[in-house]
Amino acid sequence: FFRAQGVFLREVSSVAQPKIILRGRELIMFGCCNYLGLATHPKVKKAAAEALEKYGMSTSSSRIAGGTMELHNLLEQKLAEFEGGEDCITYDMGYLANLGCIPVLVTKNDFVITDAKSHASIIDGCFLSGGTVLVYRHNDMQDLEKQLKKCKWKSNKLIVTDGVFSMDGDIARLDVIHNLAQEHNAAVMVDDAHAVGVLGENGKGTTEYFNLMGRIDIVMGTLSKALPGLGGFIVARKKIVDYLRSASRPFIFNLSLPPSIVAGVLAALEVIREEPKLRQNLWRNVRYLRENLQKLGYNTGNSEAAIIPVIIGNDIKTYQMVRMLEHLGVFVDAMVYPAVRKRESRLRLTPMATHSPDDLQKA
Ligand code: PMP
């Protein structure tokens, strides 16, 4: 059905820019997570191009089999510093970071407790683990407590949540989760894919937003959104990261990250520090778009961060709107089941720092 609507795998000639070309026409892009515009930032491109020139396309080797370069270690050190943690391990994808971390930390007789709207990679990580999976109602802290009470006091318990929920743009109540975890002797893992570079005064994510930097056991992030490349990371205590290095299959059996990606992300971390204006522009754009969509009567749910859903509730209407918007020069994504619950189908808009007021006005 998706295919029949002509909105499946639409072929565009560029992606991570405010304007893209689709079927020969220019469209304003709201379908990528290049939040700060860093995928095309001159410093980032230069660093990546220089590394490409110097080292070539690929390491053609896994991290443990000779594919660990100074660049990889430097990126992990910088990401650990960025998140205020002790150590960091990187993976080839954000997806693999969750898949590589959760099943290693949660095994038989352990409990993993997660939000009903957690990202697919968290859900898959939970079900790949040998532990008991408990799911609490979305952002419902009373239900989280109820689930925690079901676990044996002495058992290992890991609470896993998105920091910013990827389909709704609302923010996990990490402060309450942290307190409940302390009361119930549980550890906390936050997936900050959509919060790194976006939330907090310095763009460090949900932990900074809630003043909890260095106090959340495991912070996961991606190198595929505000940090513009490919890959994922886990920042945690040294002991945990060391253990992951020796036991995490997607780390051990995968190619190491291409040097150009690593160099580009390192440059992006610097830009995030040096150019807070980009985050200010992002927030100006997010607020403008969300407020004006609301004024026009659209249902943007509980969106608080840089993901703005427009909830339609009907698949056919959602696809029709995507097509209509395409016709009018705006690219948005349709999110339907199983990405969201049935009857909660929606458009998803992700503004960028680099959209102009004119782009947003038109959209
Ligand atoms: N976690 C969340 C919350 C995500 O939204 C995504 C990707 N959309 C991922 C993990 C996976 O990240 P990646 O695309 O880098 O594999």
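In what sense do strand S3 and S9 pair, and over how many bridges? I shall take that question as my starting point, with the reminder that the model before us is predicted.

Strand S3, residues 87–91, pairs with S9 in the antiparallel sense, over 5 bridges. Within this pairing, Asp87 stands opposite Ala236 in S9. S9 also pairs with S8, again antiparallel and over 5 bridges. Here Met220 has Ile234 in S9 as its bridge partner. As for solvent, S9 is mostly covered, with 7 of its 9 residues buried.

Which element gives the largest share of the lining? That element is S9, with 4 residues. Several other elements supply at least two residues each, among them H1, helix H3 (94–105), strand S8 (218–224) and helix H10 (259–274). By class, the lining comprises 26 nonpolar, 14 polar and 7 charged residues.

I turn now to the charged side chains. As a general point, side chains of opposite charge can pair when their charged atoms come close. The structure holds 18 salt bridges.

In the first, Glu50 and Lys46 form a salt bridge at 3.2 Å, N to O. These residues are separated by about one helical turn, because they lie 4 residues apart in helix H1, residues 42–55. Glu50 counts as partly exposed because its relative accessibility is 47%, whereas Lys46, at 52%, counts as exposed.

In the second pair, Glu344 forms a salt bridge with Lys117, and the closest N and O atoms are 3.6 Å apart. This pair links distant parts of the chain, 227 residues apart. Glu344 is in the loop between strand S12 (333–335) and strand S13 (346–349), while Lys117 is in the loop between strand S4 (111–115) and helix H4 (120–128). With a relative accessibility of 22%, Glu344 counts as partly exposed.

Finally, I note the salt bridge between Arg137 and Asp140, where the closest N and O atoms are 3.3 Å apart.

Notes. Residues numbered from 1 in each chain as written. Predicted model: local features only at pLDDT ≥ 70, side-chain atom pairs only at ≥ 80, totals over all residues. Heavy atoms only, no water. Salt bridge = Lys/Arg side-chain N within 4 Å of Asp/Glu carboxyl O. Buried < 20%, exposed > 50% of the residue type's maximum accessible area, 1.4 Å probe, protein only. Nonpolar A, V, L, I, M, F, W, Y, C, P; charged D, E, K, R; others polar. Pairing = 2+ DSSP bridges.
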